[in-house]
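Subject: Structure handover

Hello,

Here is the structure I promised to pass on. My notes on what was found follow below it.

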Protein chains: 2
Amino acid sequence: MTDIKSIPAPQAASLLFLREEELREGIESFFFAYRDFVSEADALLAESGMGRAHHRALYFIGRKPGITVGELLGVLRITKQSLSRVLKELVAMGLVVQTQGPEDRRQRLLRLTQSGAALEARLFTMQRARIAKAFRDAGPDAVAGFRKVLGGLRDRGDPPKRQNAGARS
Amino acid sequence: MTDIKSIPAPQAASLLFLREEELREGIESFFFAYRDFVSEADALLAESGMGRAHHRALYFIGRKPGITVGELLGVLRITKQSLSRVLKELVAMGLVVQTQGPEDRRQRLLRLTQSGAALEARLFTMQRARIAKAFRDAGPDAVAGFRKVLGGLRDRGDPPKRQNAGARS
DNA sequence: GATTTTATGTCAGTCATGTTGACATATTTA
DNA sequence: TAAATATGTCAACATGACTGACATAAAATC
């Protein structure tokens, strides 16, 4: 039923139009929502002369204390030069500490300091308010759908290895 | 039921933990999905020496042919100086044309040329493949939930007017 | 034990995209 | 006529990415 081939041309065109329209609206919603969501923490970060790159590093170090530099590079998918600058600043500001890996002493394990954790918590609290409200208003089924679609939008397969990023010449 | 105040402390803490965990996973999904989604068109844009800013302008001009510069600024929420640079390049490359507004001759109405529309279509086709697959795999209910949550994440109220952007000193 | 690979850091330069501030011009509105 | 609006433009700067090249220490392999 509703076999697209069985539909007369004008209606099929109309269906295709709606399909494209629906997808474009999805793309636009995605763009606007993401922009509004991430821009929220900027003011707080700017107070300490930081930007979004600092936020992302703080976030993922807080999420996995003891994460190595290489792992963090893999998560963020940026070059080590980019990350290095950010990490250096976070360490200089006393928000992050690096310790030598206990098994592999080449590794630098990253952890938030107390003040780093405090800043991350303040940033998370801001974003939590927004996302919690969106989740609450939309309801659990909608949240499940949100997660499901986001999962489908992710890259599948190998993350494209980038020069200078991780274990690559 | 499930009044949080009636739950003994350890379980309440556990629930709160799950709640935070759930929200963090949502934030991360959002970050990863958005990054993967928008990065896809970069290679094609780079061939012509363009970036994401060009893509966004092309996209919204294609979406509303005859859009004014001021309207586009309102959609993108960037400064006119940023947009100006991008528009100038798009016009120079023959992808966009500007025509004087028929009623208000101060306005510059923006439209895609044939090759501009062709490029936009190529870019949209790339993204359509990804989002259509995600929508199809997730199902209509999930898509509805996705849209619902995204709507809730948007800024409410006045878009924060930014200096130099639109009608402001 | 010597060699290679890996994890990390660093210097130097470039690019894309955003910002602020100031000012110019044409056109519409009051 | 005067003020407000839509647009454009010059200049300077910040952020966060990038490439390429090279350095060091430690682990893994031959």
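In this predicted model, chain A and chain B bury about 5700 Å² between them (accessible area, 1.4 Å probe, lost on being put together, summed over both). Of that area, 64% is on carbon and sulfur atoms. The contact (heavy atoms within 4.5 Å) takes 51 residues from chain A and 51 residues from chain B.

Between the two chains there are 14 salt bridges (a side-chain nitrogen of Lys or Arg within 4 Å of a carboxyl oxygen of Asp or Glu). One of them joins the side chains of A:Glu120 and B:Arg24, at 3.1 Å, N to O. Helix 1 (9-39), helix 3, helix 4 (69-76), helix 6 (114-138) and helix 7 (140-153) of chain A each supply at least two residues of the side that touches chain B. Helices here are DSSP runs of H or I, at least four residues; strands are runs of E, at least two; both are numbered from the N terminus. Helix 1 of chain A gives the largest share, 19 residues.

Chain A also has an open sheet of three strands, order 1-3-2, with antiparallel pairing (at least two DSSP bridges between two strands). Its edge strands are strand 1 (67-68) and strand 2 (96-100). Strand 2 pairs with strand 3 (residues 108-112) over five bridges. There, A:Arg108 is the bridge partner of A:Gln100.

Residues are numbered from 1 along each chain as its sequence is written, and chains are lettered from A and ligands numbered from 1 in the order in which they are written. Local features need pLDDT of at least 70, side-chain atom pairs count only at pLDDT 80 or more, totals for chains, interfaces and linings use all residues, and side-chain values use heavy atoms, leaving out hydrogens and water.

Best wishes

Methods: Buried area is the accessible area (1.4 Å probe) that two parts lose on being put together, summed over both.
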